[in-house]
Amino acid sequence: MSGRTKQWLADRPALVALAALLAPALVSVAGFGVAALLPDVQVAARSLPHISLVPLGLPGADQAALPTPPPADVVPAGRTEIRVPIMEYHYIRVNPVARDRLGFNLSVTPADFAAQMDWLDASGFHPIDLNDLRAYYQTNLPLPSRPVVLTFDDGYADFYTAAFPVLQAHGFKAVAYIVPGFLGRPSYMNVDQVQLIDQSGIEVGAHTVHHVDLVKASPAGRKLEIEGSRSALEQMVGHAVLDFCYPSGMYDAAVIAATQQAGFQSATTEIPGTRHAWASRMTWSRVRVNGGEKLAQFAGSLDQPEPTTTASLPPPA
Ligand SMILES: [Zn+2]
């Protein structure tokens with residue numbers, strides 16, 4: 001669990017305590033963790049009215065009047081399509097070649113990046129990863145308010161040196177799409193760094209073995225590049241790698257089919273957009289963050305927030 005998620009739960013001690021209290025009554029969902037219990041808390045509480053809702057082990061737990069816990073502001077489970085901007089970053093650096101316009105567009109400076117993360121934090125955004133977004137659809141888990149996914153393509157070394165410390169300082173989750181064939185080259189992360197970010201709560205996604213144009217690749221080459229990136233990364237991190245990103249956003253029906261056959265459960269493109277449904281999971285759109293854009297442009301690119309509901313707890317008995 002990321003620091004951010006921990007914080008989100010820590011802000012709702014009564015909800016967490018209640019979930020723990022009701023855990024024996026919810027054995028049918030045992031193994032999914034506290035977060036999985038949250039949507040069931042109210043239903044379970046209604047069927048067990050005699051259970052005290054006073055949090056256990058907290059200061060003042062034996063007092064009759066407790067302050068009302070702050071309501072949980074969530075994107076409720078069950079919506080077919082929700083607005084969750086998936087931000088697309090490449091380099092976090094000062095572009096080294098001033099005349100290189102492409103490099104400039106792909107490079108968000110460390111100062112701009114820090115300002116963007118500060119703004120997300122101050123504006124109540126909750127960075128989630130693609131495990132969370134898939135779980136929203138697959139296992140009916142709610143999402144925190146103002147969900148956003150921060151993705152970083154290609155596995156550059158500056159993700160590790162410039163982006164990762166800022167994300168950690170905020171307790172933000174993120175997704176790094178790694179090109180395993182490039183690891184250890186100059187300006188790319190190495191295997192140790194990928195393992196370390198994975199262990200620190202950054203989701204590792206795949207981006208082919210050699211960053212090839214999958215539309216132009218032969219069927220055999222396509223299969224090797226897609227499946228090979230999954231198996232190489234899974235060996236590296238020691239668990240499933242389920243999210244893919246098409247290099248340069250290039251895909252067609254055959255590429256989508258090969259990506260699904262390789263076992264990936266989502267894939268992102270470079271098509272602009274913020275609305276995502278489970279049905280469109282192999283072509284999820286993204287919001288590109290361009291080098292040099294002003295904070296106001298960045299803020300405007302996130303779209304209107306997905307409406308939330310307040311999951312209030314019933315008053316103490
Ligand atoms: Zn790429």
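Two strands count as paired here if DSSP finds at least two bridges between them. Helices (H or I, at least four residues) and strands (E, at least two) are DSSP runs, numbered from the N terminus. The model shown is predicted, so to speak of local features asks for pLDDT of at least 70 and side-chain atom pairs count only at pLDDT 80 or more, while totals for chains, interfaces and linings use all residues. Residues are numbered from 1 along each chain as its sequence is written.

**View 1. An open sheet of three strands.** The strands of this sheet come in the order β7-β1-β15, and their pairing is antiparallel. β7 (143-144) and β15 are the edge strands, each with a single partner, so one side of each has no neighbour in the sheet. Strand β1 (residues 72-75) is joined to β15 by three bridges in the antiparallel sense. For a residue pair to look for, take Ala 72, whose bridge partner in β15 is Ala 311.

View 2. (A residue is buried if 20 or more other C-beta atoms lie within 10 Å of its own, exposed if 12 or fewer, and partly exposed in between; C-beta atoms are placed from the backbone.) Leaving aside residues up to four places away in sequence, Asp 303 touches Arg 83, Pro 85 and Thr 274. Contact here means that the C-beta atoms of two residues, placed from the backbone, lie within 7 Å. Arg 83 is 220 residues from Asp 303 along the chain, yet their C-alpha atoms are separated by 7.8 Å.

**View 3. Strand β8 and its parallel partners.** All eight of the eight residues of strand β8 (residues 147-154) are buried, so β8 is largely enclosed by the rest of the structure. Which strands pair with β8? Strand β6 (residues 126-128) runs parallel to β8 and is joined to it by three bridges; in this pairing, Ile 128 stands opposite Val 149 of β8. β3 also pairs with β8 in the parallel sense, over four bridges, and there Tyr 89 faces Phe 152 of β8. Strand β9 (residues 174-178) is parallel to β8 too, with four bridges between them; here Thr 151 stands opposite Val 175 in β9.

**View 4. Strand β14 with β3 and β12.** Strand β3 (residues 86-89) pairs with strand β14 (residues 284-288) in the parallel sense over two bridges. Glu 88 stands opposite Arg 288 of β14. Two bridges also link strand β12 (residues 266-272) to β14, and these strands run parallel. Pro 272 has Arg 286 as its bridge partner in β14.

**View 5. Helices α6 and α8.** Helix α6 (residues 110-122) packs against helix α8 (residues 157-170) at an angle of about 20°, with the axes 10 Å apart. Axes are lines fitted to C-alpha atoms, for helices over the stretch in contact, and angles run from 0 to 180 degrees between N-to-C directions. The two helices α6 and α8 are therefore roughly parallel to each other. (Angles under 35 degrees count as roughly parallel, over 145 as roughly antiparallel, 65 to 115 as roughly perpendicular and the rest as oblique.) On the α6 side, the contact is made by Pro 110, Phe 113, Ala 114, Met 117 and Asp 121, and on the α8 side by Ala 162, Ala 163, Val 166 and His 170. These contact residues divide into seven nonpolar, one polar and one charged. (Ala, Val, Leu, Ile, Met, Phe, Trp, Tyr, Cys and Pro count as nonpolar, Asp, Glu, Lys and Arg as charged, and the others, Gly among them, as polar.)

**View 6. Helices α10 and α11.** The axes of helix α10 (residues 219-237) and helix α11 (residues 253-261) come within 9 Å and cross at roughly 45°. That angle makes α10 oblique to α11. Arg 222, Lys 223 and Ile 226 of α10 meet Val 255, Ala 258 and Thr 259 of α11. By class, the residues of this contact are three nonpolar, one polar and two charged.
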